[in-house]
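Colleague: Could you walk me through this model? I would like to know what stands behind each term you use.

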Amino acid sequence: MKVTIDGIEIDVPKGTTILQAARMIGPQVAPPAMCYYTKLKTSGGYCRTCIVKVTQGSTANPNPMPKPVASCRTEVMDGMVVQNFTSPEILEARKGVVEFLLINHPLDCPICDQAGECKLQDLGYENGSAKTRYEFKRREYEMIDIGDKIKLHMTRCILCYRCVKTAEQFTDERMHGVVHRGDAGEISTYIEKVIDNDFSGNVIDVCPVGALTDKTFRFKQRVWFTKPVDAHRKCDKCCGKTRVWLKGEEVVRVTARKDQWDEVEEFICNSCRYDHKKTSDWVIEGPSPIHRNSVISQNHYQNLNELKVQIMKQQKALGFMPIDKKP
Amino acid sequence: MGKKLLIHNDKVHGIETLEVYRRHGGYASVEKALKTMTPDQVTDEVKKSGLRGRGGAGFPTGMKWSFLAKPEGVPRYLVCNADESEPGTFKDRYLMEKIPHALIEGMITSSYALGAKASYIYIRGEYFYVARIVENAIREAYAAGLLGQNILGTNFSHDCYVQVGGGAYICGEETALLESLEGKRGNPRIKPPFPAVAGLWGCPTVVNNVETIAAVCPIVMMGGEEYAKIGIGKSTGTKLISASGHINKPGVYEIELGIPVEEFIYSEEYCGGIRNGKKMKAVVAGGSSVPILPTELILKTAKGEPRLMTYESLADGGFQTGTMLGSGGFIVMDEDTSIVKNLFTFTRFYHHESCGQCSPCREGTGWMEKILKKFLNGTAEEKDVELLWDIQSKIEGKTICPLGEAAAWPVAAAIRHFKHEFLEIARSKKFVDVSHYDRLNLIRR
């Protein structure tokens, strides 16, 4: 099936969604996704950040679709033409969605453990505006422990339902869900510390924001001061292939490995995640691939002066004048 | 007097019992359909009749029925949407309360046409007493052999169940209704697949409004072509209108589609004019979610033609100068009404009822309510009108289900037609009223 996204044509198998097709082309056309997760069935469609405009439904029915569609849940048709970043309408609508997601978000990034690897931060920088028009009190919740090692900070939650679906599809029994309705809705277990399952820790990895955090890592370290390396160990519960975050020789945290789209490659068990915090527990394979624009790649503060010199050299070569020396 | 097909004998004493109902010609359509017609013939009659869904969207019922997938070995279901929760709409309640057997008769006939072995009537939680009335009627129908095995001696068997909802507006959306019926949280599903392909428990399902199902009986009795003669153009048949607001005679009226709006408001047969001899200011023609129209636009279209009570005429001019027939919740407002306050009430409702699944509706409805509250307590500024317009435009069409639109349209229409009122309040910093808000806020969590 041929589909054209932002003017780039690609041939994809039947049943592919627009989002997957766009990801096959590459990040330059891939819409952002906050709730969609490739490995979770029925995920997606809730956050509306991935909306795209379908200007031609298919070759057989060339009419445009009347409304923007959620690309993560819409399957491609042969001859479909999709506009994502090329449609000003979509960019405006997406800006609106980002604003909606942020109006009740506490924006406590300076004290949030997710800062630096937060999808909402990325989304806000890429698609949002710098100022908010919201002037009312933001929604607040008490922090709760939903599991032995998992802290739920509902104030930060964007209700993507990823954790609910993870618990439903990868653990025996789902203990948490969404209670209440509308903007009063919250992820909850009703009973504290009830989540007790070997794979429950994965909800932390799928959370796009800092709503679910690892209690063994909370406030230990900013992510950009740590060094992620791919490592493995022999585990009888899971694959044992993880990403180990090091600070010097110390293992500060263990997570699952994530791919280019920040999605978990293979889910890991709680034993690997929480109980093996010694370098000797792991066989280190090598540094993890981290995108060069990620803040995690920018952790060489000791080289700041060197960097300055380099920048000035480049500016000189390009013929720029330093700002303060302009006449 | 216009023709009445649905509630013509609503004043008959004891019509809610099977005995009286049958004496007045009830269940004739079941007998006619089951004994003399094939299921396809019934569907054909409904198609010919041009009956359109009475729940709000106005989708042709015959076409909806023909979309129903009929794979071998998979059960099909008919679900009756009696989760009537739109502010201003109370026609289904009236019908079920007065003549419950009309609905059950329609359920049997429609299920026969669709080949459904079981059907469900999903009644909203607040209508618990109506559910009891309908359940009694079902019990009577079982006892008389109109439901159950081999109905009226034919080989058609059917079971009908009543399910009471938890009192959520969102469960009136068909896929959320199905979720709720399955015992899950009432969140709308993402379409496709449509219920006609994968609905209740993944089986092909038709979801119809109470009035639509009840209208199948007269169609079977009089024939589709005869039914199509009532009304104008594509708006055929009769429609129940629940009239409320500042009129002399609020209530449920059955009208022939095509009567002028002016006649409906001012004639003694229907609303009987505006209360206390006041002037009319605005009308919400089809339940709170449809755009509000000022007097000059509701009586006459932008082209100057008189507006009629039809799907097409009310929608004439699009949303710029038109509105929708919707579910028939006709709310009339007199000259003393504050449009801003009214809009606040509507918006508060949609905020309260948003399921919270997708972000524009979850966050946007609450935001709009907060801004409108500023208007009421006199702290609003002129730029808030622009902001309100921008928020509604970012909700409309970006959500999973139509609740987003239902929340955005009234805001858009109020600003479109009554912007001066918003600006006046913003400039004068006048304290309108928040007492009812605070009172209701106590009830809310």
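**Where the two chains meet**

Modeller: Let's start with the contact, which takes 23 residues from chain B and 26 residues from chain A. This is a predicted model, where local features need pLDDT of at least 70, side-chain atom pairs count only at pLDDT 80 or more, and totals for chains, interfaces and linings use all residues. Residues are numbered from 1 along each chain as its sequence is written, while chains are lettered from A and ligands numbered from 1 in the order in which they are written.

Colleague: What makes two residues count as being in contact?

Modeller: Their C-beta atoms, placed from the backbone, must lie within 7 Å. On the side of chain B that touches chain A, helix H15 (339-353), helix H16 (359-376) and helix H17 (383-395) of chain B each supply at least two residues. H16(B) gives the largest share, 8 residues. Helices here are DSSP runs of H or I with at least four residues, strands are runs of E with at least two, and both are numbered from the N terminus.

Colleague: Why is H15(B) called largely enclosed by the rest of the structure?

Modeller: A residue is buried if 20 or more other C-beta atoms lie within 10 Å of its own, exposed if 12 or fewer, and partly exposed in between, with C-beta atoms placed from the backbone. In H15(B), 12 of the 15 residues are buried, so the helix is largely enclosed. Among them are Ile339(B), Phe344(B) and Tyr350(B). The buried residues of H15(B) pack against strand S9 (280-284), strand S11 (329-334), H16 and helix H18 (403-428) of chain B.

Colleague: What span is expected for H15(B), and what does the helix reach?

Modeller: The expected span is 1.5 Å times one less than the number of residues. H15(B) has 15 residues and reaches 21 Å from its first C-alpha to its last, close to the 21 Å expected.

Colleague: How does chain A stand against a compact globule?

Modeller: With 327 residues, a compact globule would have a radius of gyration near 20 Å, and the 22 Å of chain A agrees. Chain A has 7 helices and 14 strands, and buried residues make up 38% of the chain.

Colleague: Which domains is chain B divided into?

Modeller: Chain B has domain 1 (18-229), domain 2 (239-331) and domain 3 (339-443), with bounds from an automatic or database domain assignment. In chain B, 9 residues of domain 2 are in contact with 10 residues of domain 3. The side of domain 2 that touches domain 3 has 7 nonpolar, 2 polar and no charged residues.

Conventions: Ala, Val, Leu, Ile, Met, Phe, Trp, Tyr, Cys and Pro count as nonpolar, Asp, Glu, Lys and Arg as charged, and the others, Gly among them, as polar. The radius of gyration is taken over C-alpha atoms; the globule rule is 2.2 Å times the number of residues to the power 0.38.
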